Amino acid sequence: MRTIEAVDFFYLSMPEVTTEGDGSQDALLVRVAAGGLVGWGECEASPLVSIAAFVCPMSHGACRPVGASVLGQGLEGPEDIARIATQIELDSMDLLQAAHTWSGVEIALWDLLGKARQQPIWKLLGYRESFRKLPYASQLFGDTAAHTYDQAVEARRQNFRAVKFGWGPIGRSDLKTDIEHFAAAREGVGKDALLMIDVGQIFSDNVAAAAERLPALKQVGTVWLEEPFHTSAFNAYASLAETSSVKLAAGEGAHNFHMAQHLIDFGRVGYIQVDCGRIGGIGPAKRVADYAVSKKVTFVNHTFTSHLALSASLQPYAGLHSHEICEFPFSPKPLAREITANHIQRDKDGYVATPEAPGLGIDVDAEAARRYLVDVEIKVEGKLLFATSDQL
């Protein structure tokens, strides 16, 4: 049986990290070695904290480091990945960063398994074929409505048929300012493009504040209002959904299948968005996709970083024909663009396809990654628990 011999983490960062809501400013790449093969994954979380969750000393039986459940384990098929995940849920239940750390490792295990079997991950998940997805240019609102308009025009110039604007100043000033941004976004992308709006949980659980924006969102024809509330504010989601003619979207903050399930059942979202780098990897994301189908809710990926993460996020619903919208990083930081040697490209119709190559089908550019590498050492009472590998 193939054995997991090593798990290496590589903390990458832009020279300067700012407070803007752009998750592509740093990255945590994960490399797993087993049986002479290597798989790559990516965590969507604080790199340093995620590394610590893999190597930290045990606090008690239900708060063990993630590494204790991974290293030395056998890996022959998807059932082994699921088995390890179950062990982590038990042994690291009180280590709240465990899901984020495991997500990157889990993705790398799928990548390695796909390479071992010479199949793309979506085939390992049981799909017979993969269907194209319509990418939306995912970007932040501008500082001003004029800036938002310019960004929308640029997305249109690049022939994106769907665009999402998020975060930025929305909900931080007044209603008039927000409405100006919504209108600028629609004017810039044109009347025929799909437009999505993401407000980044700005209203916490304030249903009235979110409801104030609904008439303007309806007027500009937005497909969905994303994350008006905290991920677990199910009552707020349900209350807004009762009166909203605009469907709600949420799920990127889900750290396990059950959180996403509750957003569907109790939050009454119309679109469930899952980030493989947070929810525990590709396996639980596929479980959410299956559940969404059964509940007639649309599954959408969440990714704002590299094309390694993008490929991982497409795998769980690659075989779902009618779930065709996908988030596509429009203007990530250079780090996120450069750390992979190949990228997922749009075809002549503006669609993207999940890679057909084994595993994720995306290769890490080690030379580029080294330019952003942050050297990390973690010690406890003089004992070295982690040091960045010099073999990237």
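Modeller: Asp111 is buried, with a relative accessible area of 0%, where buried means under 20% relative accessible area, exposed over 50%, and partly exposed in between (1.4 Å probe, protein chains only). This is a predicted model, in which local features need pLDDT of at least 70, side-chain atom pairs count only at pLDDT 80 or more, and totals for chains, interfaces and linings use all residues. Residues are numbered from 1 along each chain as its sequence is written, and side-chain values use heavy atoms, with hydrogens and water left out.

The side chain of Asp111 meets that of Lys115 in a salt bridge (3.1 Å, N to O), a term for a side-chain nitrogen of Lys or Arg within 4 Å of a carboxyl oxygen of Asp or Glu. Lys115 is partly exposed, at a relative accessible area of 25%. Both residues belong to helix H4 (residues 98–117), 4 residues apart, or about one turn of the helix; helices (H or I, at least four residues) and strands (E, at least two) are DSSP runs, numbered from the N terminus.

The structure holds 23 salt bridges. One of them joins the side chains of Asp8 and Arg31 (3.0 Å, N to O). That pair links distant parts of the chain, with Asp8 in strand S1 (residues 4–13) and Arg31 in strand S2 (residues 26–34), 23 residues apart. Asp8 is partly exposed, with a relative accessible area of 22%, whereas Arg31 is buried, at 13%.
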